[in-house]
Amino acid sequence: MVDQSMHLFRTMTPADVPAVMQIQARCYGVSMQESEAAIRDRLEASPDLSWVADTDGRIGAYLVAYRSRLGKLGALGAPFDIPADPDSLYLHDLAVDPSCKGQGLGPALVRMALRKADDESLPYSSLVSVQASKEFWERQGYAVWTDLDVRQALHLDTYTGPAWYMVNRLKPEATT
Ligand SMILES: CC(C)(COP(=O)(O)OP(=O)(O)OC[C@H]1O[C@@H](n2cnc3c(N)ncnc32)[C@H](O)[C@@H]1OP(=O)(O)O)[C@@H](O)C(=O)NCCC(=O)NCCS
């Protein structure tokens with residue numbers, strides 16, 4: 001792992017979106033690309049829950065999240081509801097530019113998100129794992145959660161390839 005002190009981890013701004021689009025294009029196949037409008041909508045809805053790793057002005061990785069409920073997941077590219085009573089920080093998209101992989105940027109962004117979840121006393125964090133990332137997420141404390149209702153489970157089919165709904169129980173008293 002390289003020295004992470006060379007990276008600045010900060011919240012995403014609208015000016016970062018073009019760089020985010022480029023990383024998305026390098027990390028995902030065409031069927032998994034989200035539109036620039038969808039990414040801007042998520043940022044506008046939750047500006048405090050999107051982060052980038054910035055190295056001398058070059059964006060190397062990003063993480064986009066929003067407040068959600070345990071058992072609710074986003075369909076790819078679809079609008080989403082932010083509940084009035086969230087109990088989960090939903091990590092919608094984590095991507096590290098291929099040139100920056102293996103440097104711990106992904107785990108560092110996840111830690112940043114989980115600190116935010118802790119600040120807000122959210123008992124869970126959740127996500128959909130794609131592109132054979134399940135083991136990576138297990139290393140970050142997430143486990144596959146299979147109690148989805150039929151409607152939510154159908155959202156998994158909007159992703160290309162195997163997709164897993166995963167949950168990280170952040171509070172000992174949280175039940176899953
Ligand atoms: C998956 C991803 C976020 C990992 O980010 P990263 O910053 O490169 O992560 P690192 O290489 O520093 O890995 C951290 C640890 O996870 C492991 N790891 C990384 N990718 C993994 C994978 N796909 N499966 C299993 N383990 C993985 C590493 O070996 C490392 O283990 P260690 O802590 O024992 O050293 C990154 O590869 C990526 O952006 N992939 C493309 C987009 C994507 O698929 N995102 C996830 C969608 S749910």
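Modeller: Start with the order of elements. Along the sequence, the pattern runs β-α-α-β-β-β-α-β-α-β-α-β. That makes five helices and seven strands. Keep in mind that this is a predicted model.

Now the overall form. The C-alpha trace spans about 45 × 35 × 30 Å along its principal axes. A compact globule of 176 residues would have a radius of gyration near 16 Å, and the protein has 15 Å, which agrees. Of its 176 residues, 31% count as buried. Take the contacts between residues at least 6 apart in sequence: 70% of them join residues at least 24 apart.

Zoom in on helix α2. This helix covers residues 36-45, and its buried residues are Ile39, Arg42 and Leu43. Seen down the axis of α2, these buried residues fall within an arc of 100°, so they line one face of the helix. The general rule behind this is simple. An α-helix has 3.6 residues a turn, so residues three or four places apart point the same way. Turn to the other side of α2, and you find Ala37 and Glu44, which are exposed.

What lies over the buried face? The cover of the buried residues of α2 includes helix α1 (17-27). Strands β2 (50-55), β3 (58-68) and β4 are also among the elements that cover them.

Leu156 sits in the loop between α5 (150-155) and β7 (164-169). Is Leu156 buried, exposed or in between? Leu156 has 17 other C-beta atoms within 10 Å. A buried residue needs 20 or more and an exposed one 12 or fewer, so Leu156 is partly exposed. Leaving aside residues up to four places away in sequence, Leu156 touches Val128, Ala163 and Tyr165. Gly57 lies 99 residues from Leu156 in sequence, and their C-alpha atoms are 35 Å apart in space.

Back to α2 to finish: Ile39, Arg42 and Leu43 are buried, while Ala37 and Glu44 are exposed on the other side.

Notes:
Residues are numbered from 1 along each chain as its sequence is written. This is a predicted model: local features need pLDDT of at least 70, side-chain atom pairs count only at pLDDT 80 or more; totals for chains, interfaces and linings use all residues. Helices (H or I, at least four residues) and strands (E, at least two) are DSSP runs, numbered from the N terminus. The arc is that of the directions from the helix axis to the C-beta atoms. Two residues are in contact if their C-beta atoms, placed from the backbone, lie within 7 Å. The radius of gyration is taken over C-alpha atoms; the globule rule is 2.2 Å times the number of residues to the power 0.38.
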